[in-house]
Amino acid sequence: MGTIFHLDIVSAEESIYSGPVEFLVAPAQMGEVGIYPRHTPMLTRIKSGMVRIKAQLKEEELIYVSGGMLEVQPDVVTILADTAVRSHDLDEAKALEAKRAAEEAMKNRESELDYAKAQAELIEAMAQLAAIDKLRKRGH
Amino acid sequence: MAGSREIRNKIKSVKNTQKITRAMEMVAASKMRKAQDRMKKARPYGEKIRNVAAHMSRANTEYRHPFLIARDTVKRIGIIIVTSDKGLCGGLNTNVLRKALNQMKAWQAEGEQIEVCCIGNKGLGFMSRVGASVTSQVVGLGDTPDISRLIGAVKVVLDGYTQDQFDRVYIFYNRFINTMKQEPVMEQLLPLTDDRMQSSEQDSDKSKTTWDYIYEPEAKPVIDDIMVRYVEALIYQAVAENMASEQSARMVAMKAASDNAGNVIGELTLIYNKSRQAAITKELSEIVGGAAAV
């Protein structure tokens with residue numbers, strides 16, 4: 001140990017990277033951070049940007065993440081990448097949208113019921129017509 | 001021969017239905033594979049974030065996130081119901097909704113207030129029919145559980161919890177066991193229970209050590225962020241599982257429908273042939289009878 005650490009980059013939709021690396025640079029909220037093995041435990045937010053990874057005997061690799069969280073332990077580093085673009089205002093807007101949709105649905109409940117009632121009546125009328133038709137055919 | 005044409009028409013209509021159900025079965029089978037893949041791909045994230053959340057809950061003692069604090073009195077309950085948007089998937093939605101409704105009745109009998117967040121069209125329709133109060137909803141998710149669509153509805157519930165509107169939050173969904181079996185489950189989402197935090201902690205003794213994290217920029221916002229993401233990941237996982245369940249339930253239901261249609265066609269063909277045979281026999285005997293009389 002000592003010269004490498006394990007890195008996982010995961011998002012809710014897939015596992016992006018998993019393997020031993022020597023060195024890593026991530027765009028943390030307070031500025032870029034470079035991480036070598038046996039870094040002090042740290043938790044921070046990261047901005048959207050490039051994560052630079054240097055694995056053993058390999059070229060440096062660049063991976064784009066759209067923000068997320070970075071957890072550092074001495075020999076394990078985890079990046080929890082966001083899949084969606086997040087900001088407080090955006091989340092708030094989405095929450096309001098979901099609320100509004102629910103309220104509207106509640107308001108329209110009555111009209112929906114009318115619709116169901118009308119449909120039931122229509123089906124009944126159609127069945128009656130079909131029955132009359134059948135009777136007529138049989139009768140003559 | 002009056003009956004035979006009717007039977008022929010009936011056979012034709014059943015055959016058409018069978019064509020549709022068979023097509024739907026095949027569509028569901030291919031979608032099921034993708035949905036299962038997505039469900040599996042979401043797992044590493046869920047595990048990682050749970051580990052981080054577990055480490056954090058042990059490491060930091062001065063700030064405990066509200067999601068981790070259990071409340072003594074439970075008066076208002078928030079529930080999230082995950083259902084499919086479309087029907088024709090057997091008893092999938094009915095099962096989970098029945099489970100939810102029974103639980104809601106039990107809670108109401110104890111005098112607790114319930115508010116519902118619906119993910120999926122079927123649950124929304126059902127909940128507004130039974131007259132539950134629906135605070136937020138997401139419908140029309142399609143085939144991919146897009147997290148950016150879920151955030152809004154989830155935030156309403158999470159905010160409700162932090163602002164003391166709810167004392168507990170539960171989630172109902174169909175757990176995917178295998179293609180033939182899906183199980184409606186109820187899980188407590190908030191407050192986060194200890195076994196939820198520890199369930200993947202078998203990895204080593206190392207994880208038992210507490211990390212003294214450096215938080216950047218500060219402890220509270222970082223912890224808040226991780227907790228919210230953790231709960232979102234749990235909900236995302238539930239939605240992904242429900243989607244895989246939906247597709248496999250649909251595939252099984254459509255296969256059963258195609259098989260039934262095949263049986264019906266077989267029976268109808270038999271009846272048709274019999275009636276045709278009877279008509280021919282009748283005609284023949286009439287001719288023979290007529291010839292004998294002459």
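**Close-up views of a two-chain region**

View 1. A:Asp8 is buried (under 20% relative accessible area; exposed is over 50%, partly exposed in between, with a 1.4 Å probe and protein chains only), its own relative accessible area being 6%. The model is predicted, so local features need pLDDT of at least 70 and side-chain atom pairs pLDDT 80 or more, while totals for chains, interfaces and linings use all residues. Residues are numbered from 1 along each chain as its sequence is written, chains are lettered from A and ligands numbered from 1 in the order written, and side-chain values use heavy atoms, without hydrogens and water. A:Asp8 and B:Lys48 meet through their side chains in a salt bridge, with 3.1 Å from N to O. This pair crosses between chains: B:Lys48 is in helix H1 of chain B, and A:Asp8 is in strand E1 (residues 5–11) of chain A. Helices (H or I, at least four residues) and strands (E, at least two) are DSSP runs numbered from the N terminus. B:Lys48 has a relative accessibility of 23% and counts as partly exposed, whereas A:Asp8 is buried.

**View 2. A salt bridge joins B:Asp225 to A:Arg45.** The closest N and O atoms of the two residues are 3.1 Å apart. Here too the pair crosses between chains, from B:Asp225 in helix H6 (residues 219–293) of chain B to A:Arg45 in strand E5 of chain A. B:Asp225 is buried at a relative accessible area of 17%, and A:Arg45 is partly exposed at 21%. Over all chains, the structure holds 13 salt bridges, each being a Lys or Arg side-chain nitrogen within 4 Å of an Asp or Glu carboxyl oxygen.

**View 3. A salt bridge links B:Asp164 with B:Arg71 in chain B.** The closest N and O atoms are 3.3 Å apart. B:Asp164 lies in the loop between helix H4 (147–162) and strand E4 (168–178) of chain B, and B:Arg71 in the loop between H1 and strand E1 (76–82) of chain B, so the pair ties together parts 93 residues apart in sequence. B:Asp164 counts as exposed, at 52% relative accessibility. Elsewhere, salt bridges with shared partners join A:Arg45, A:Asp82, B:Asp225 and B:Arg229 into one network.

**View 4. Strand E3 (residues 23–28) of chain A is mostly covered.** Six of the six residues in E3(A) are buried. E3(A) is antiparallel to strand E5 (residues 42–54) of chain A and is joined to E5(A) by four bridges; two strands pair if DSSP finds at least two bridges between them. Across from A:Val25, the bridge partner in E5(A) is A:Arg52. With strand E4 (residues 31–35) of chain A, E3(A) pairs in the antiparallel sense over five bridges. A:Leu24 stands opposite A:Ile35 in E4(A). The two strands E3(A) and E4(A) form a hairpin, with two residues between them.

**View 5. A:Lys134, A:Lys137, B:Arg5 and B:Arg8 form a positive surface patch.** Patch residues have over 30% relative accessible area and no salt bridge, and like charges are joined within 9 Å. Helix H2 (109–139) of chain A and helix H1 (2–59) of chain B each supply at least two residues of the positive patch. B:Arg5 is found in helix H1 of chain B. B:Arg5 is exposed, at a relative accessible area of 57%.

Key:
Patches are made of residues with over 30% relative accessible area and no salt bridge: like charges are joined within 9 Å, nonpolar side chains (Val, Leu, Ile, Met, Phe, Trp, Tyr) within 5 Å. Accessible areas come from the Shrake-Rupley method with a 1.4 Å probe; for residues, only the protein chains shown count as cover. Lys and Arg count as positive and Asp and Glu as negative; His and the chain ends are not counted. The place of a charge is taken as NZ of Lys, CZ of Arg, CG of Asp or CD of Glu.
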